[in-house]
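The following note sets out points on the fold and packing of the chain shown below. Please read it alongside the sequence and the coordinates.

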Amino acid sequence: MSETMETLLNRRACRSFKADPVPKELIEKVIEAGLYAPTGMGLQSPIIVAITDKETRNKLSRANCESVGWETDSDPFYGAPVVLVVLADKKVGTHVYDGSLAMGNMLNAAYDLGLGSCWIHRAKEEFQMPEWKEFLKKIGVSGDYEGIGNLILGYKKEPEKAAAPRKAGRVFWVE
């Protein structure tokens, strides 16, 4: 089996992270994989905001909780020290698909690099909040972007579990 297939078949969501920092070089490799994801008409609509600052990461975690009415002292980021936020330009008709492909590439790259990762939803809701729109402006992001997903990243506390059996009846051939 190729290394690519091994990654695709064995990567699992990680929901338990060590507090250890992730070297910037590894984060950059994960980001690079996201930037090379296919995009509609090659328009490259996604952008990635890499958050390693603990205070900002914790504020975003609280905003994630607020967006669904959860207690803000819980951590939907499962202790991961890095959050890679994927947003995509709303002017591009394929922006949600483009951002989703970037997320997928990064999840697989993280596994390949020995890191744990998980897609955490509600980036759309977070980046509709005035505080986070202002945050984007403050870091130099201009334009109208929609949050696609938060990719949490770090070192796994535990190894991946085996994949659940795949459901039957999900492939239909027309030959």
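Is D98 buried or exposed?

1. D98 is buried, its relative accessible area being 2%; buried denotes under 20% relative accessible area, exposed over 50%, and partly exposed in between, with a 1.4 Å probe and protein chains only. The residue is part of helix α4, residues 95-112. Helices (H or I, at least four residues) and strands (E, at least two) are DSSP runs, numbered from the N terminus.

2. The basis of these remarks is a predicted model, in which local features need pLDDT of at least 70 and side-chain atom pairs count only at pLDDT 80 or more, while totals for chains, interfaces and linings use all residues. Residues are numbered from 1 along each chain as its sequence is written, and side-chain values use heavy atoms, with hydrogens and water left out.

3. Which residues surround D98, leaving aside those up to four places away in sequence? They are P38, T39, G40, S45, P46 and V92, where contact means heavy atoms within 4.5 Å. P38 lies 60 residues from D98 along the chain, yet their C-alpha atoms are separated by 6.8 Å.

4. The chain contains six helices and four strands, arranged from the N terminus as α-α-β-α-β-α-β-α-α-β. Its radius of gyration is 17 Å, close to the 16 Å that the globule rule gives for 175 residues, so the chain is as compact as a globular protein of that length. The radius is taken over C-alpha atoms, and the rule is 2.2 Å times the number of residues to the power 0.38. Of the 175 residues, 42% are buried. Among contacts with a separation of 6 or more, 83% join residues 24 or more positions apart.

5. The four strands form an open sheet in the order β1-β2-β4-β3, with antiparallel pairing; two strands pair if DSSP finds at least two bridges between them. β1 (46-51) and β3 (116-120) stand at the edges with a single partner strand each, so one side of each has no neighbour in the sheet. From one strand to the next, the twist averages 25°.

6. Strand β2 (residues 82-89) pairs with strand β4 (residues 145-154) over eight antiparallel bridges, and V86 stands opposite G149 in β4. Helix α4 packs on the sheet, touching β1, β2, β3 and β4, and its direction makes about 5° with that of β4. β3 and β4 are joined by five bridges in the antiparallel sense, with I152 in β4 as the bridge partner of C118. Four of the five residues of β3 are buried.

7. Helix α2 (residues 24-35) packs against α4 at an angle of about 145°, the axes being 7 Å apart. Axes are lines fitted to C-alpha atoms, for helices over the stretch in contact, and angles run from 0 to 180 degrees between N-to-C directions. In this contact V30, I31, A33 and G34 of α2 meet A102, N105, M106, A109 and A110 of α4. The residues of the contact of α2 with α4 comprise seven nonpolar, two polar and no charged. Ala, Val, Leu, Ile, Met, Phe, Trp, Tyr, Cys and Pro count as nonpolar, Asp, Glu, Lys and Arg as charged, and the others, Gly among them, as polar.

8. Helix α3 (residues 54-66) and helix α6 (residues 130-138) pack at about 145°, with axes 11 Å apart. T56, K59, L60 and A63 in α3 meet E131, W132 and F135 in α6. The residues of this contact divide into four nonpolar, one polar and two charged.
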